[in-house]
Amino acid sequence: MKKITHSLSVVMPAYNEENRLPDTLKYFSDWVANNSHMDIELIIVNDGSQDDTANILKTIKGITVVTHERNRGLSCARNSGHQLPILR
């Protein structure tokens, strides 16, 4: 049986989100601080972004990033993120 390492894994697909990403991550960080009784993991799927999304994600500590080299669509991005905790 696999060991469960997080009580909540949040999957966030991102495609060309350089303008919204900083505010979204700030909001998420505040939410996590208010729910410190849970072990929360953030998985962001960079779905082939053509803007600066990838570079922004490289600067953020404490998140897991899944990268698609090309845009594969929202469903595929969500599925890639959801599979990660299961495959570990």
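Start with everything selected: buried residues make up 31% of the 88 residues in the protein. Buried means under 20% relative accessible area, exposed means over 50%, and partly exposed is in between (1.4 Å probe, protein chains only). Keep in mind that this is a predicted model, where local features need pLDDT of at least 70 and side-chain atom pairs count only at pLDDT 80 or more, while totals for chains, interfaces and linings use all residues. Residues are numbered from 1 along each chain as its sequence is written, and side-chain values use heavy atoms, with hydrogens and water left out.

**The whole chain**

Switch to a cartoon view. You'll find 3 helices and 3 strands, running β-α-β-α-β-α from the N terminus on. Helices (H or I, at least four residues) and strands (E, at least two) are DSSP runs, numbered from the N terminus. The C-alpha atoms fill a box of roughly 35 × 30 × 20 Å along the principal axes.

Among contacts between residues at least 6 apart in sequence, 63% join residues at least 24 apart; contact means heavy atoms within 4.5 Å.

**The core**

Now select Met 12, Ala 14, Leu 21, Leu 25, Phe 28, Ile 40, Leu 42, Ile 44, Ile 56, Leu 57 and Ile 63, the 11 residues of the largest nonpolar core. Such a core is a set of buried Ala, Val, Leu, Ile, Met, Phe, Trp, Tyr and Cys residues joined through side-chain atoms within 4.5 Å. Which elements give two or more residues to this core? They are β1 (8-14), α1 (21-33), β2 (40-47) and α2 (53-58). Another core, of 5 residues, lies apart from it, and its members include Val 11, Ile 43, Val 66 and Ala 77.

Zoom in on Ile 63: leaving aside its neighbours within four places in sequence, Ile 63 touches Leu 42, Ile 44 and Leu 57.

**Helix α1**

Next, pick α1, which has 13 residues and reaches 18 Å from its first C-alpha to its last, close to the 18 Å expected at 1.5 Å a residue. The expected span is 1.5 Å times one less than the number of residues. Its buried residues are Leu 21, Leu 25 and Phe 28. They cover an arc of only 60° around the axis, so they sit on the same side of α1; the arc is that of the directions from the helix axis to the C-beta atoms. Their cover includes β1, β2 and α2. Turn to the other side of α1 and you'll see Asp 23, Tyr 27 and Ala 33 exposed.

**Helix α3**

Jump to α3 (residues 74-87), with 14 residues. Here Ala 77, Ser 80 and Gly 81 are buried. Those buried residues line one face of the helix, because they fall within an arc of 90° seen down the axis of α3. They pack against β1, β2 and β3 (64-68), while Ile 86 and Leu 87 are exposed on the other side of α3.

**Last stop: Asn 16**

Finally, select Asn 16 in the loop between β1 and α1. Asn 16 has a positive phi of about 50° although it is not a glycine. Most residues other than glycine have a negative phi.
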